Amino acid sequence: FLCPDLNTRSDKWGGPELKDRARLTREVTRAIKAIVSPDFIVGIRLSPEPGYEKAGWNMDPDENVQVAKWLVEDGIDFVSVSLFSHSPTHVTPKHADKPDAKPLVQVFRDAIPKDVVVMSCGGIQSGHDVQTLMDMGVDVAVMGKTAIGTPDFPKKVQEDSDYKVTDLPPWSLAHLESVDATPPFVEFLRGMRVVAE
């Protein structure tokens, strides 16, 4: 619904205006917040980067920041920002020519009140990577592949802040078995091309 290339509706739920494309997300958020207890955590994961145009996904990073700000108004507790990279030099092409360009995750952190948790991912493979996000104001480092291949990564980083993942994809079947990946999950990972055959 948020993507202008995919949501071409001509009613109040879509089209060129962001407020219309964001309406469903906002109304669902408000409805959830209205029926759950005040301590029930509600959040959203946003994929704000361009780069999936071939799949029809062409999101504007600034529109995603605006959606996050609206959802904060609607009572959301966290925003999880899915990025290609956690690097402090990772600036989207849209922002690259700005003299005050900041990493996209920091743009989100600056736009969102400090009492709302910001999570982020993007190739996190070491304690240093986690610290880099924390230095940019991110509250929680989120992992995908790292969590699959090294499920005890948080514990290892707590024990050694210099820890770095050594088992990187593509993973062998033996490695996936050693981290208790189930056969159906291994089949799913094969579709992502992260299993060494």
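A nonpolar core is taken here as a set of buried Ala, Val, Leu, Ile, Met, Phe, Trp, Tyr and Cys residues joined through side-chain atoms within 4.5 Å, where buried means under 20% relative accessible area, exposed over 50% and partly exposed in between (1.4 Å probe, protein chains only). The model is predicted: local features need pLDDT of at least 70 and side-chain atom pairs count only at pLDDT 80 or more, while totals for chains, interfaces and linings use all residues. Residues are numbered from 1 along each chain as its sequence is written, and side-chain values use heavy atoms, with hydrogens and water left out.

The largest nonpolar core holds 33 residues, of which Leu-46, Val-67, Val-79, Phe-108, Ile-112, Leu-133 and Phe-153 touch the most other members. At least two residues of this core come from each of strand S1 (43–46), H3, strand S2 (78–81), helix H4 (104–111), helix H5 (127–135) and helix H7 (153–159); helices (H or I, at least four residues) and strands (E, at least two) are DSSP runs numbered from the N terminus. H3 gives the largest share, 6 residues. Neighbours within four places in sequence aside, Val-67 is in contact with Leu-2, Leu-18, Ala-22 and Leu-46, contact meaning heavy atoms within 4.5 Å. Another core, of 7 residues, lies apart and includes Trp-171, Leu-176, Val-186 and Leu-189.

The axes of helix H2 (residues 23–35) and helix H3 (residues 61–73) come within 10 Å and cross at roughly 25°. H2 is therefore roughly parallel to H3 (angles under 35 degrees; over 145 is roughly antiparallel, 65 to 115 roughly perpendicular and the rest oblique). Axes are lines fitted to C-alpha atoms, for helices over the stretch in contact, and angles run from 0 to 180 degrees between N-to-C directions. Thr-25, Arg-26 and Thr-29 in H2 meet Trp-70, Leu-71 and Glu-73 in H3. By class, this contact has 2 nonpolar, 2 polar and 2 charged residues.

Asp-62 is also found in helix H3 and, at 29% relative accessibility, counts as partly exposed. Apart from neighbours within four places in sequence, Asp-62 is in contact with Lys-94, His-95 and Lys-98. The C-alpha atoms of Asp-62 and Glu-187 are separated by 36 Å, the two residues being 125 residues apart along the chain.

In H5, the residues Gly-127, Asp-129, Val-130, Thr-132 and Leu-133 are buried. The cover over the buried residues of H5 includes H4, strand S3 (117–120), strand S4 (140–141) and H7.

Technical notes
Ala, Val, Leu, Ile, Met, Phe, Trp, Tyr, Cys and Pro count as nonpolar, Asp, Glu, Lys and Arg as charged, and the others, Gly among them, as polar.
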